[in-house]
Amino acid sequence: MVDYVHITVRAGNGGNGHVSFKISRGKPFGEADGGSGGKGGDAIFVPSKDLNTLAPYRFKKNFEAKPGGNGGRNNRTGEHGEDLLLEVPLGTLIKDKKGELIYDLTKFEDRILVAEGGKGGRGNSHLKHVILERKKLGERGLIRVYEPGESGEEIELTLELKILADVGLVGLPNAGKSTLISKLTSAKPKVADYPFTTLEPGLGVMHTRDKEIVIADIPGLIEGASSGKGLGDQFLRHIERTRLLVHLVAVDSQEPFKSYEIINKELSDYSEKLKEIPQIICLNKTDLVSEERVKEIEANFKKKKIKVFKISALAEVGLEELKKNLLSHFS
Ligand SMILES: Nc1nc2c(ncn2[C@@H]2O[C@H](COP(=O)(O)OP(=O)(O)O)[C@@H](O)[C@H]2O)c(=O)[nH]1
Ligand SMILES: [Mg+2]
């Protein structure tokens, strides 16, 4: 998954000022009437609802806004160069070359200007004082003065994605995370009977009457993930900013409680922050084992004073109660 890139962004140059003269009676040399250049386009970051990786920046590394148009005769000002809109997922951190944070895009309304377009140069109609000055100094004939446009700003940036979700979905591969997110939200992730089907965090939005809750499915967590094993460590940073974790444990596994502990160890090994996020524990796939077995597993959790929800994501059993509890964390 692409969630860390270096790019160079350049704003547009300003347009050049124009030199022209309007000939009229009594003005044998004409009157300066060249317009000024337009401002170069700005480079602006905007969050996009359609992106959840930085993939658009994987191969293309240089981005440039349009230059301003040159001034024209008849005092015509050049066109404003088109701004460059750089679309990134919500939760993108924009950092400078040294790694200093410039901005953290956390709202869809955010508009972050990172490089400003160059000012247009003045045309000769705006430089009459210069022409006069030079005439006074004895210059004869047509005096052709104009200013070139200023260069647009250029900046080297690092983009780093830390997905912004309200809820993170964790659990060993095959626990049923993709299945659950597809039932709770309108997301349509790949579901398969083998680990590592999902190679990027899946995002889904759960709609309620008055809220939208974003859920991120964090794939690839296995033992050792926090120290780089498997793919999970790449995804762990994406749940650092969630307020709640839904932790799925498949009851048809050999030792469900151990699966639970493995994930928690990876979370706390990765960061103190992850350890502190409240969890809703779900025993999933209850349709696959006997009721006695489910009770037995539940008892293991109870011994440690851990409340569990019993669900079957696939058969959609227990999901309403889970939803209700989940929502209570956000009211
Ligand atoms: N019987 C049963 N199978 C399930 C349930 N939830 C998920 N599965 C199956 O378990 C496999 C792995 O599910 P998936 O959602 O891809 O797990 P993930 O790796 O955690 O994303 C798939 O074959 C799912 O159909 C469930 O509640 N009951
Ligand atoms: Mg999955």
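Helices (H or I, at least four residues) and strands (E, at least two) are DSSP runs, numbered from the N terminus. The protein chain has seven helices and 16 strands. This is a predicted model: local features need pLDDT of at least 70, side-chain atom pairs count only at pLDDT 80 or more, and totals for chains, interfaces and linings use all residues. Residues are numbered from 1 along each chain as its sequence is written, while chains are lettered from A and ligands numbered from 1 in the order in which they are written.

**Overall shape**
- The C-alpha trace spans about 105 × 40 × 30 Å along its principal axes.

**Core**
- The largest nonpolar core holds 58 residues. Such a core is a set of buried Ala, Val, Leu, Ile, Met, Phe, Trp, Tyr and Cys residues joined through C-beta atoms within 7 Å.
- Buried means that 20 or more other C-beta atoms lie within 10 Å of a residue's own, with C-beta atoms placed from the backbone.
- Strand β14 (residues 244–250) gives this core its largest share, five residues.
- Domain 1 (4–161) and domain 2 (167–328), with bounds from an automatic or database domain assignment, both contribute residues, so the core lies between them.

**Helix α4**
- The buried residues of α4 include Pro-256, Tyr-260, Ile-263 and Leu-267.

How values were computed:
A residue is buried if 20 or more other C-beta atoms lie within 10 Å of its own, exposed if 12 or fewer, and partly exposed in between; C-beta atoms are placed from the backbone.
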